[in-house]
Amino acid sequence: MSKPEETWEKRWGARSRVAYVQNVLRENTAANGVFGTVVMWSYFERMLQMLQEIPAYKTLNGEELLAAVFYNPKYIWMRRRNHVEQAVSWAMACQTRVWTQKAGETSQPQAIPKFDFKVIDEWCNRIATHDEGWGNYFRENQIEPLVLFYEDVVASHRAAAERVLEFLGLPSPARLEIPPPAVEKQAGRISEEWAARYLKLKSAKPGTLKRIIRRLRV
């Protein structure tokens with residue numbers, strides 16, 4: 001996604017925004033005709049705005065716009081049941097600058113992450129807001145997405161892939177080889193400790209919580 005005030009065509013060297021969209025669709029559509037992309041709620045409105053700046057799409061909004069650009073897309077809503085664990089992951093990534101861990105590779109953190117209740121709490125609230133945003137979007141546009149939970153994908157990526165194929169109406173041969181994920185789960189002992197610590201502080205009385213946070217920052 002482009003940065004604020006940065007256009008797609010400028011960032012990727014396309015001659016126009018229409019050409020950029022056409023290139024993305026052409027170069028990322030598989031042999032079976034399926035194109036897939038990831039959209040996060042944090043930049044969803046910005047994406048719609050940039051697409052609406054294309055003259056042919058300027059009168060379209062939301063679901064109508066995406067239906068025109070992506071030819072009546074199907075939505076897969078990737079969620080997490082445990083918002084605290086997700087918030088901890090984001091809080092750590094923001095400090096270490098390690099957003100993904102590729103299989104077989106060793107990440108190089110740019111900083112040692114430090115626990116911060118306020119940051120994790122803000123991420124929890126943001127995640128809840130994003131979930132609510134997607135929920136409202138689907139409900140208002142009468143869209144029935146396939147809901148996949150991160151925890152289920154980690155438990156069995158093959159079962160998740162089979163659900164996606166079925167949802168898209170694509171065949172799933174019995175001997176179909178589904179490779180393991182290209183990235184690994186990053187959460188570990190420290191993540192678990194942070195989540196437990198956050199929940200303990202969250203359950204404390206307001207006055208007690210303030211005193212604890214002050215001591216943590218000293």
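The largest nonpolar core has 22 residues, and Val-21, Leu-51, Leu-66 and Tyr-137 touch the most other members. By nonpolar core I mean a set of buried Ala, Val, Leu, Ile, Met, Phe, Trp, Tyr and Cys residues joined through side-chain atoms within 4.5 Å. Buried is under 20% relative accessible area, exposed over 50%, partly exposed in between, with a 1.4 Å probe and protein chains only. Two or more residues each come from helix 2 (17-27), helix 3 (44-52), helix 4 (62-69) and helix 6. Helix 3 gives the largest share, 5 residues. Helices (H or I, at least four residues) and strands (E, at least two) are DSSP runs, numbered from the N terminus.

This is a predicted model: local features need pLDDT of at least 70, side-chain atom pairs count only at pLDDT 80 or more, and totals for chains, interfaces and linings use all residues. Residues are numbered from 1 along each chain as its sequence is written, and side-chain values use heavy atoms, without hydrogens and water.

Back to Leu-51. Neighbours within four places aside, its contacts (heavy atoms within 4.5 Å) are Trp-8, Val-21, Tyr-57, Leu-65, Leu-66 and Val-69. Another core, of 15 residues, lies apart from the largest one and includes Phe-115 and Ile-120.

Next, helix 8. Which of its residues are buried? Ala-160, Val-164 and Leu-165. They sit on the same side of helix 8, because they cover an arc of only 140° around the axis, taken from the directions from the helix axis to the C-beta atoms. Their cover includes strand 1 (76-79), strand 3 (146-149) and helix 7 (150-155). Gly-169 follows helix 8, with a positive phi near 75°.
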